[in-house]
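Please examine the sequence and the three-dimensional structure shown below. The paragraphs that follow lead through the surroundings of the ligand, a group of strands, and several individual residues.

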Amino acid sequence: MITGKYPSLRLRRNRKSSWARRLIQENNLTPNDFILPIFLIDGKNKKLPIKTMPDVYRYSLDKLNYVVEKAIKKGLPMIALFPNTEKKKKNEIGSEALNEDNLVCRAIQMIKKRFKNEIGIMCDVALDPYTSHGHDGILKNRYVLNDETIKVLIKQSLIQAEMGCDVLAPSDMMDGRIGEIRKTLDKNGFEMTQILSYAVKYASSFYGPFRDAVGSKGLLKGNKKNYQMDFRNNTEALREVALDIKEGADMVMVKPGLPYLDIIKLVKENFKIPVMAYQVSGEYSLLSSAIKKGLIDKEVILESLISFKRAGANAIVSYYADRLDEIVK
Ligand code: PBG
């Protein structure tokens, strides 16, 4: 309740100096709030820039230890691995996803061997980095088949779990995949492998730069609207989350982030489950390029990240995660 009135009440009194403002701060960021995405690429000694994502790179596996070590030093609890798969390894059904020697599998093993349990590893479950058409599943007559795709996702999940992945993150939006993946994991002795479901994933143009980063941009035929959510909808998000919780999700993701703060809040208020937000590539690139051009001050980064916390997110996937100490002052 708001009580009191001007002039005896002056809300500006609590803002009169830095210490006074710090005293009443309601939301803050710590390294524990962040997950760092890392893009992987074949080859040796490579740190390749991504044209549409300023200051973000694709790393060859021999550079990975350095990147992960930095993330650990910065205090981040988890990294997320994304492969840029060579074009010649992509096909209609994304079979490279099931190759135990693919980029992600090799990376998980390397990181686990070197860093054990010092940092969590999260891996996408979806076929888009591996399909020649850039879709997240098996395509038939321009439609992504649900149940046929799940069969492959189950195998992809199990392989990644076997390699040592800590958190599987299905980002494909097929119906029923969380339950099927959970069942398979449990049957095979991976009852402690967590599932972070991308439960609420909108069909968004904010993913553009990411598709550039993983090399699916020019390949994508059509759009992803027959499986990812319509951005006009909000209550539908609750149905998606409810189902995934029933099926065994440990955490859920809302994605993109900034244009969907209302959804983060909605999910958080309706379910007692950890909610993650993904500040996606397009959000990142908009902010970063405007800052680089001098159009806007870099404090917009902190301002945007804090908004996720205000909305109720437990953690944020962000391409800024490894540079927070430069941003959060
Ligand atoms: C793929 C996937 C996407 C992102 C994460 N996993 C892209 C998509 O669905 O097309 C986007 C991340 C970003 O834009 O930063 N399933």
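**The ligand and its surroundings**

The side chain of S281 has an N or O atom that lies 2.7 Å from an oxygen atom of the ligand. Such a pair is a polar contact, that is, two N or O atoms within 3.5 Å; within protein, one must be able to donate a hydrogen and the other to accept it, and residues adjacent in sequence count only if both atoms are side-chain atoms. The protein covers 100% of the 400 Å² of accessible area that the ligand has on its own, where areas come from the Shrake-Rupley method with a 1.4 Å probe and, for residues, only the protein chains shown count as cover. This is a predicted model, in which local features need pLDDT of at least 70 and side-chain atom pairs count only at pLDDT 80 or more, while totals for chains, interfaces and linings use all residues. Residues are numbered from 1 along each chain as its sequence is written, and side-chain values use heavy atoms, with hydrogens and water left out.

The ligand is surrounded by 16 residues, of which the closest are K201, R211, K255, S281 and Y319; a residue is counted if one of its heavy atoms lies within 4 Å of the ligand. An N or O atom in the side chain of K224 is 2.7 Å from an oxygen atom of the ligand. For D128, an N or O atom of the side chain is 3.1 Å from a nitrogen atom of the ligand.

Helices (H or I, at least four residues) and strands (E, at least two) are DSSP runs, numbered from the N terminus. Strand β11 comprises residues 275–278. Two strands pair if DSSP finds at least two bridges between them. Strand β10 (residues 251–255) runs parallel to β11 and is joined to β11 by 3 bridges; here V254 has A277 as its bridge partner. Strand β12 (residues 315–317) is likewise parallel to β11, again with 3 bridges, and Y278 is partnered with V317.

In which directions do the residues of β11 point? V275 and A277 point one way, whereas M276 and Y278 point the other way. In a regular strand the side chains alternate between the two faces of the sheet. All four of these β11 residues are buried, which means under 20% relative accessible area, with exposed over 50% and partly exposed in between (1.4 Å probe, protein chains only).

Together with helix α8 (residues 261–270), β10 and β11 make a right-handed β-α-β unit. Right-handed means that, with the strands pointing away from the viewer, the path from the first strand over the helix to the second runs clockwise.

**Cysteines and buried residues**

How many disulfides does the structure hold? There are 0, a disulfide being a pair of cysteine sulfur atoms within 2.5 Å. For C105, the nearest cysteine sulfur is that of C123, 7.9 Å away. The sulfur of C165 is 3.6 Å from the closest cysteine sulfur, in C123, and therefore too far for a bond. C105 is buried at a relative accessible area of 1%, and C165 is buried at 3%.

N102 is placed in the loop between β4 (78–84) and α3 (103–115). The side chain of N102 reaches the backbone nitrogen of C105 at 2.8 Å. In another loop, between α1 (18–23) and β1 (34–41), lies D33. The side chain of D33 is joined to that of K309 by a polar contact of 2.9 Å.
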